[in-house]
Amino acid sequence: MNWKTFFAMLARDAHVARRNLLPMLLQNLLQPLLLVFVFGRVLTTGGLMAARFKDVMLPGVMAISMALSGVQAVAMPLITEFQFTREIEDRLLAPMANGWLAVEKIVAGMIQGLVAGLVVIPCAWLVIGSGVNISMRHPFEFAAICLLVSLFSASGGLALGCAVGQTQIGLMFSLVLAPMMMFGCAYYPWSMLSAFPALKYAVLINPLVYASEGLRGALAPQVPHMPVAAVLGALLTIDVALVTVGVRQFNKKALS
Amino acid sequence: MGIGIRIEELQKIYRTPPPMAARGGGFAFAGMRPARKDKKKKFEVVALAGISLEIRPGEVYGLLGPNGAGKSTAIGILTTRTQPNGGRALLGDYDVWQDPVKVKRLIGVVPQRPNLDFALTAREILLFHGAYFGQTSAERARRTDELLDKFKLTDRADHMARTFSGGMMQRLSIARAMMHDPEVLFLDEPSAGLDPQTRLLLWDIVRDYNRLGKTIVLTTHYMDEADALCDRLAIIDHGRIIAQGTPTELKASIPGGYLLRLRFDRVPEEFAAALRTLPGVLEVRAVEKTGADVYASRGGSLIPGIVSAAQAAGVELRDVSIAEPSLETLFLHHTGRSLRD
């Protein structure tokens with residue numbers, strides 16, 4: 001394995017990210033900021049939601065933020081680079097097996113996803129103030145879940161980016177990402193779905209469910225959540241599957 | 001030293017539409033054929049129908065042919081970007097398909113259509129390319145300055161590549177391909193879209209690079225380019241090699257050397273026979289109903305004879321064009337089609 005090439009490509013992605021810092025910050029920050037403001041402040045202060053809804057919602061917003069930005073960070077550039085201009089070609093011709101370029105994309109996406117997820121915490125303090133009841137009593141559990149979630153989002157982005165063409169980006173948002181967000185248990189705990197038994201088990205194919213539930217368990221254990229072992233197991237399985245599919249798709253797409 | 005290339009019975013059939021670069025700039029494939037009738041209509045294009053050739057170390061080798069002949073596909077396979085369906089391609093000691101990473105180290109590729117990294121400036125494109133190939137930062141910076149200067153891009157070095165004109169992108173693509181000092185340089189239609197001046201600059205750069213002992217493989221459908229640059233050539237059509245040799249050898253293989261393309265109002269058989277008897281005429285081929293291609297050992301001096309023969313047969317001569325010995329006439333001789341058809 002040629003690590004020099006691998007790190008040079010990471011450096012390239014970092015360089016491009018630095019150049020687009022402002023749009024990227026807006027893309028990654030604005031959405032969680034708005035979600036936190038509306039759900040955490042407007043709805044609760046207005047009395048429509050109980051104050052403890054903040055604890056339910058915050059880990060969920062974090063999960064959404066992490067998942068979406070990882071997917072976007074990998075899928076969007078990949079779709080452009082594989083299109084008409086074949087911009088990715090110069091990296092496919094670098095002295096490294098093609099699959100490693102896919103791995104590099106995943107690592108770069110993970111970093112972006114992690115940043116976008118973690119930034120939600122200071123956002124929340126800024127917007128909601130002291131009313132948030134989150135704890136850091138399980139740092140390792142929290143770190144492990146964050147890593148697994150960002151891995152699922154980046155590798156999911158890889159798989160999507162290789163499967164979707166430029167003309168289908170809108171479709172990708174409305175058919176894949178929107179249902180994922182709505183049925184991702186981000187705004188409500190999974191146990192609340194007991195009233196809809198079919199839905200309760202159907203959403204289990206949605207990786208965002210484990211992300212929200214896992215982060216809830218780590219940050220706000222007072223809220224009902226899935227057992228940590230189940231979350232870690234599910235996320236690990238999903239990660240392995242998505243990485244395998246993503247890298248395979250990438251390899252297929254890289255060759256004609 | 002230099003590195004040679006050997007291709008054995010290379011085949012490629014596309015089952016999904018090939019990438020743009022191998023699609024001959026949007027022209028349809030000549031080799032398109034319908035698949036078996038009993039199944040659902042399948043996409044199938046035979047791009048290479050088993051070609052074999054050998055490129056010697058340090059040689060400038062040209063692949064010449066019309067759009068869709070299979071040139072870009074051949075380059076795609078040799079540069080690890082296209083998977084062959086059969087046959088073998090060896091670059092030096094490495095099988096391109098078994099050892100792609102080692103092969104990538106040895107080659108530089110200039111694609112048909114610029115595929116520059118549009119998120120970067122010209123200088124960054126070269127610097128990062130050097131980094132991908134493990135160059136130290138001092139080495140990278142030195143090479144980048146040299147190449148920007150050589151390709152007359154220094155004053156635009158810090159502009160984003162996406163703002164460049166077509167010719168500048170092409171120059172930057174070539175600079176990028178040379179950045180890591182590859183042993184073999186592949187150029188796919190390098191002068192397409194270049195103005196005449198830049199084209200001459202390109203030719204000089206290719207010759208200079210070749211003088212360092214590097215092997216160069218280029219595709220073109222310009223006869224003059226093949227003639228001016230290549231030590232040896234293969235003429236490809238419909239995924240097959242139809243002739244191979246030095247430009248001089250190839251041109252000498254045309255009967256007589258001269259080709260007179262004649263157009264009449266009609267060409268009766270006895271008139272064609274009369275043309276064959278003219279002194280210096282070696283071969284006459286009827287082209288559709290109103291034309292004749294005459295291969296002869298002389299050019300203009302044949303015209304009076306042709307005119308009298310036409311008058312004697314009551315045929316009206318409408319157009320004459322005389323082609324001197326060139327690869328164009330060679331292509332015509334082998335395929336019955338002009339390169340531009």
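This is a predicted model: local features need pLDDT of at least 70, side-chain atom pairs count only at pLDDT 80 or more; totals for chains, interfaces and linings use all residues.
**Entry 1: around B:Leu172.** I started at B:Leu172 and listed its contacts (C-beta atoms, placed from the backbone, within 7 Å). Leaving out residues up to four places away in sequence, B:Leu172 touches B:Leu116, B:Ala122, B:Ile125, B:Phe151, B:Leu153, B:Ala161 and B:Phe164.

**Entry 2: ground rules.** Residues are numbered from 1 along each chain as its sequence is written, and chains are lettered from A, with ligands numbered from 1, in the order in which they are written.

**Entry 3: the core.** Which residues touch the most other members of the largest nonpolar core? I found A:Ala63, A:Val149, B:Leu172 and B:Phe186, in a core of 164 residues. Such a core is a set of buried Ala, Val, Leu, Ile, Met, Phe, Trp, Tyr and Cys residues joined through C-beta atoms within 7 Å. Helix H3 (residues 53–82) of chain A gives the most to this core, with 17 residues. Domain 1 and domain 2 of chain B each supply at least three residues to this core.

**Entry 4: chain B as a whole.** I looked up the domains, whose bounds come from an automatic or database assignment. Chain B splits into domain 1 (5–116 + 164–251) and domain 2 (255–324), and their centres, taken over C-alpha atoms, are 37 Å apart. The C-alpha trace of chain B spans about 80 × 55 × 40 Å along its principal axes. I noted eleven helices and 14 strands in chain B; these are DSSP runs (helices H or I, at least four residues; strands E, at least two), numbered from the N terminus. Of the chain's contacts between residues at least 6 apart in sequence, 73% join residues at least 24 apart.

**Entry 5: burial.** Of the 341 residues in chain B, 46% are buried (20 or more other C-beta atoms within 10 Å of the residue's own, all placed from the backbone). In helix H11 (residues 327–335) of chain B, the buried ones are B:Leu327, B:Glu328, B:Thr329, B:Leu330, B:Phe331 and B:Leu332. Just after H11(B), I saw that B:Gly336 takes a positive phi of about 75°.

**Entry 6: where the chains meet.** How many residues of chain B are in contact with chain A? I got 26, against 22 residues of chain A. Helices H2 (100–106) and H3 (122–132) of chain B are the elements giving two or more residues to chain B's side. H3(B) gives the most, with four residues.

Note on methods. Two residues are in contact if their C-beta atoms, placed from the backbone, lie within 7 Å. A residue is buried if 20 or more other C-beta atoms lie within 10 Å of its own, exposed if 12 or fewer, and partly exposed in between; C-beta atoms are placed from the backbone.
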